[in-house]
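Hi,

Here is the structure I said I would pass on. Have a look at it first, and then read on for what turned up.

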Amino acid sequence: MIGSVASALVTGGMFGYIMLLLFNGGGVAPGSESSAEQAVPVFNESVGTATPSVKENSTPVAVVAAQVPPQTYYMLQYGVFSTPERALQAKEELLKVGIAAGGDAEDQNRVYAGISPDREQAKLLSNQLKTQGVELYVRELQLPGLEKAAYGGEGEKLTAFFQLSSTLVGKFSGLSSSLLGEGGSTAVSSSEMKELNDLHQQWTQSIAVLPSGLPKEAAASAASLEKAMNSAVSALGEYNKNTAKEHIWEIQSSMMAYVLRENEFIRFIKQ
C-alpha cells in the first residue's frame, strides 16, 4: 500500500510539471532569470523571416576639421521693434517704398534694409536712403568661423563650400550696393556676368553634395541658402534685361536672407 501511494504521488507531480510547461508555451518556467531576456520576434518583410526586435540608436554625425575664417558684413538696420508684429509692419513699410526688407532669425524684432561687405559703401548707401526719408543705422554682423564641424563627409568639401559662399556673397552684395549708389541704371558687363555665373555654377555643385552628411536642422538650413542664392542670380539676370532698380533691391534682399541663414547654418554644425 505504501509503495502504491508513493508511486501515485510521483506520477501526479510529473503530470503537473508537464502541464505547467504546456501552459507556458514550452518555455522557461516563470520566475527564472532567462525568461525576462527573451527577444520578442518581429516579422521582417524584407526577408520574410522573424527577427528579434532591436531598439534603434541614432548614430551621431561625425566631427571633421574645417578651415573657415569669420566673415564680416555691414547691415543697414532699420530698427529694433517692440514685438514681431511691429517688426512685420516695419518690413511692409520698407517694401512699399521699394526698399529691401530683411529679418533676423535670432531676433525677430530686428529689421534690416540692406547689406554690403564694405563699411564705407554701407554708409554711402545709408546716406543716400536718408535723403529719401529712410533713417538707417550701419550694424556690423560677423559670422563665426569654424575649426571643427558636425559633418558626415569630407571636411575639405565643407571648407570649399564656405569659400565659394563668401566670394559670391561679397560680390553680389557689393555689386548691388554699388549699383544702387550709381542710381541703378548701368547694366553689368558681360565679363562680370560670366564670372558670377561661373562662380554660381561651382557653388551649386558644392552645396549639392552637402545635405547627406549634415545634421537634420543644418540640411533644412542649406535648402534655404540655395533658394536665397538662386534668387539673387535670377534677379541679376532680370536687372541686366531692363536695369530696373527693383531687381537690385531683390538682390539685396536675397543676400540679407542668405547671410542671416548662413549664420544659422553655422550654429547648427559648429563644434
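A quick definition before anything else: a residue counts as buried when its relative accessible area is under 20%. By that cut-off, buried residues account for 37% of the 271 residues in the protein chain. Do keep in mind that this is a predicted model.

If you take the contacts between residues at least 6 apart in sequence, 78% of them join residues at least 24 apart.

Now to the helix pairs. Two packed helices are described by the angle between their axes and the distance between the axes. Start with helix α6 (residues 216–242) and helix α7 (residues 245–269): their axes come within 8 Å and cross at roughly 165 degrees. Angles over 145 degrees count as roughly antiparallel, so that is how α6 and α7 run relative to each other. The crossing of α6 past α7 is left-handed. Sorted by class, their contact has 17 nonpolar, six polar and six charged residues.

On to α6 and helix α5 (residues 190–208). Here the axes come within 12 Å, with a crossing angle of roughly 160 degrees, and α5 and α6 are therefore roughly antiparallel too. α5 also passes α6 in a left-handed crossing. From α5, the contact takes in Met193, Leu196, Asn197, His200, Trp203 and Ile207; the α6 residues include Ala222, Leu225, Met229 and Val233. By class, the residues of this contact are nine nonpolar, four polar and one charged.

What about the nonpolar core? In soluble globular proteins, nonpolar side chains tend to be buried together. The largest nonpolar core in this model has 68 residues, and those touching the most other members are Phe161, Phe162, Phe172, Met255, Tyr258, Phe265 and Ile269. α7 supplies the largest share of this core, with 11 residues.

Which residues is Met255 in contact with, leaving aside its neighbours within four places in sequence? They are Ile115, Val169, Phe172, Ser173, Met229 and Ala232. Two names there have come up already: Phe172 is listed with Met255 among the core residues that touch the most other members, and Met229 is one of the α6 residues in the contact with α5.

Is Thr159 buried or exposed? Its relative accessible area is 13%, so Thr159 is buried. Not counting residues up to four places away in sequence, Thr159 touches Ala66, Gln67 and Val68.

Cheers

Technical notes
Residues are numbered from 1 along each chain as its sequence is written. This is a predicted model: local features need pLDDT of at least 70, side-chain atom pairs count only at pLDDT 80 or more; totals for chains, interfaces and linings use all residues. Side-chain values use heavy atoms; hydrogens and water are left out. Axes are lines fitted to C-alpha atoms, for helices over the stretch in contact, and angles run from 0 to 180 degrees between N-to-C directions. Helices (H or I, at least four residues) and strands (E, at least two) are DSSP runs, numbered from the N terminus. Angles under 35 degrees count as roughly parallel, over 145 as roughly antiparallel, 65 to 115 as roughly perpendicular and the rest as oblique. A crossing is left-handed if the near helix is turned anticlockwise from the far one by less than a right angle, and right-handed if clockwise. Ala, Val, Leu, Ile, Met, Phe, Trp, Tyr, Cys and Pro count as nonpolar, Asp, Glu, Lys and Arg as charged, and the others, Gly among them, as polar. A nonpolar core is a set of buried Ala, Val, Leu, Ile, Met, Phe, Trp, Tyr and Cys residues joined through side-chain atoms within 4.5 Å. Buried means under 20% relative accessible area, exposed over 50%, partly exposed in between (1.4 Å probe, protein chains only). Contact means heavy atoms within 4.5 Å.
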